[in-house]
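Please brief me on this protein model.

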Amino acid sequence: MTTSARTDSGSADRADALAFPAPKSAKCPFDPPPAVDRARAAHPVVRATLWDGTSAWLITEHEHVRQVLGDKRFSAEGTRDGFPYLVAGVRELVRTMKPTFFRQDDPEHARLRRMLTADFMVKRVEAMRPEIQQLTDELLDRMIENGPEADLVADFALPLPSVVICLLLGVPYEDHRFFQERAAALFSLQATAEEVRRSQQELLTYLAGIAERKQREPDGSIISRLVAQGELDFDEIASTGRLLLVAGHETTANMIALSALVLMRNPDQLARLRAEPALVKGAVEELLRYLTIVHNGIPRVAAEDVAVGGVTVRAGEGVLCLVNTANRDERVFPGGDTLDLGRDANRHVAFGFGVHQCLGQPLARAELQIALETLFRRLPGLRPAIPFEDVPFRHDQAIYGLGALPVTW
Amino acid sequence: MLVQIDQELCCGAGSCVRTAPEVFDQRDEDGLVLVIDEKPPAHLHDAVREAADICPAAAILLDEQDA
């Protein structure tokens, strides 16, 4: 009776708990770790042991991930006991600093999020397309000028979303090295508590300074508007800005780089996309499903006992919703381990689910669609300049991606 | 089909606008959902069902009985 044994969340079943995060297969770096696949084949709700010896339930199936992330009995409040963290420094940070809406529950979460929803709504982002297209073309102009070799991460995938989020927030892009380095530290699974704390503090000080400047010199940016509205103090504006700045470029940058790589690895799929540019919207949904850059789960903690997939998650126990395995769930995406740009992937949960689902998803989609269509149209001979085995996948980051992607054309 | 929404639940992710743009829009001031066609024609029903299914906040309620 595997199921009943696993409903007991006490110490008895910890001996066979899965150490998480688990290593990926070097041969299939786009796929969930083999140990996670084996465990979810045995039971869809997996007991895991984290770095600090604490336990959490891994929620691996599409249905259950949607259930948990859509259920307000699972809290996003990072200060609650039992909330699972993968990095010591981030846990300390959440305990010592005022949270953003990312780690709050409604009604406070909704109040803060709704100050920003209009900025990222579909029609607002659609109106930005010409500007995103122009930025994309400028980056490619420069690459072509300096070519025929480039690092697709540093020269294209990272600057594009970084420039766009800077424009939206009202942050000078000239400072990108400063905030990109600190954002990387916040996402690193290896960063010490001190590195995380210092990076966070430096970013907040920097953004509070920008907020003060907007008070003197208002413009059309998000930070300027938040200052003018006067509902948030400078510290809150800085932490909201920090959230958007960090979330706004690392994620999309890694999706652009991984998408470019996986398309170059699947020439038949790429040929299909080239032959039929209208396919790009669906293709981006399939790439989001297949690559799902959040590989270590979306964390929640049960505020009361809740039954999920035959297991009772007790109040105070942590769960990690594995959106990457949910997006490979065979019952929802048959043949899901294969990239198929013609697939209807619309039900993927790459942006999460529930009221915390990614605020910036319309922007991410527009950037991905424009970046990938333009990249492969303007550089028809694009190919990796190093063997696939040498591509530096970032296993040490909370957001999966590539450290670099040397290309030629 | 009658399309109803609960703006209190809406988190402004925009999935519905992307999936069924003939039926859903977002409010200019806060990005929350608006229904622009609460009795959509039959050829849009599948898209509306998909929008309701993928709505992360379960803010779209469909009355399939409504003629």
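The briefing below goes topic by topic.

This is a predicted model, in which local features need pLDDT of at least 70, side-chain atom pairs count only at pLDDT 80 or more, and totals for chains, interfaces and linings use all residues. Residues are numbered from 1 along each chain as its sequence is written, chains are lettered from A and ligands numbered from 1 in the order in which they are written, and side-chain values use heavy atoms, with hydrogens and water left out.

**Six-strand sheet, chain A**

- Chain A has an open sheet of 6 strands in the order E1-E2-E3-E9-E6-E4, with mixed pairing. Strands (E, at least two residues) and helices (H or I, at least four) are DSSP runs, numbered from the N terminus. Two strands pair if DSSP finds at least two bridges between them.
- Strands E1 (18–19) and E4 (74–75) of chain A are the edges; each has a single partner strand, so one side of each is left without a neighbour in the sheet.
- E4(A) pairs with strand E6 (298–302) of chain A in the antiparallel sense, over 2 bridges. Within that pairing, A:Phe74 stands opposite A:Ala302.
- Helix H3 (62–69) of chain A lies across E2 (45–49), E3 (55–59), E4, E6 and E9 (318–321) of chain A. Its direction is at about 125 degrees to E9(A). Axes are lines fitted to C-alpha atoms, for helices over the stretch in contact, and angles run from 0 to 180 degrees between N-to-C directions.

**Three-strand sheet, chain A**

- An open sheet of 3 strands in chain A has the order E5-E11-E10 and antiparallel pairing. E5 (149–151) and E10 (383–384) of chain A are its edge strands, each pairing on one side only.
- E10(A) and strand E11 (406–408) of chain A run antiparallel and are joined by 2 bridges. A:Arg383 stands opposite A:Thr408 in E11(A).

**Interface of chains A and B**

- In chain B, 26 residues are in contact with 21 residues of chain A. Contact means heavy atoms within 4.5 Å.
- The two chains bury about 1,800 Å² between them, 43% of it on carbon and sulfur atoms. Buried area is the accessible area (1.4 Å probe) that two parts lose on being put together, summed over both.
- On the chain B side, B:Cys11, B:Arg18 and B:Pro56 lose the most area to chain A, together 28% of what that side buries.
- Chains B and A share 5 salt bridges. A salt bridge is a side-chain nitrogen of Lys or Arg within 4 Å of a carboxyl oxygen of Asp or Glu. B:Arg18 forms a salt bridge with A:Glu285, with the closest N and O atoms 3.8 Å apart.
- Helix H1 (15–19), strand E2 (24–26) and helix H2 (45–54) of chain B each supply at least two residues of the side that touches chain A. H1(B) gives the largest share, 4 residues.

**A salt bridge across the sequence**

- Over all chains, the count is 39 salt bridges.
- A:Asp31 and A:Arg328 meet through their side chains in a salt bridge (2.7 Å, N to O). A:Asp31 lies in the loop between E1 and H2 (34–42) of chain A, and A:Arg328 in the loop between H15 (323–326) and H16 (361–378) of chain A, so the pair ties together parts that are 297 residues apart in sequence.

**Backbone spots to check**

- Most residues other than glycine have a negative phi, and most peptide bonds are trans.
- The peptide bond from A:Phe20 to A:Pro21 is cis, with omega near 0 degrees. A:Pro21 lies in the loop between E1 and H2 of chain A.
- A:Asp106 to A:Pro107 is also a cis peptide bond, with omega near 10 degrees. A:Pro107 is in the loop between H4 (88–96) and H5 (108–113) of chain A.
- A:Thr292, a residue other than glycine, has a positive phi near 25 degrees. A:Thr292 lies in the loop between H14 (280–291) and E6 of chain A.
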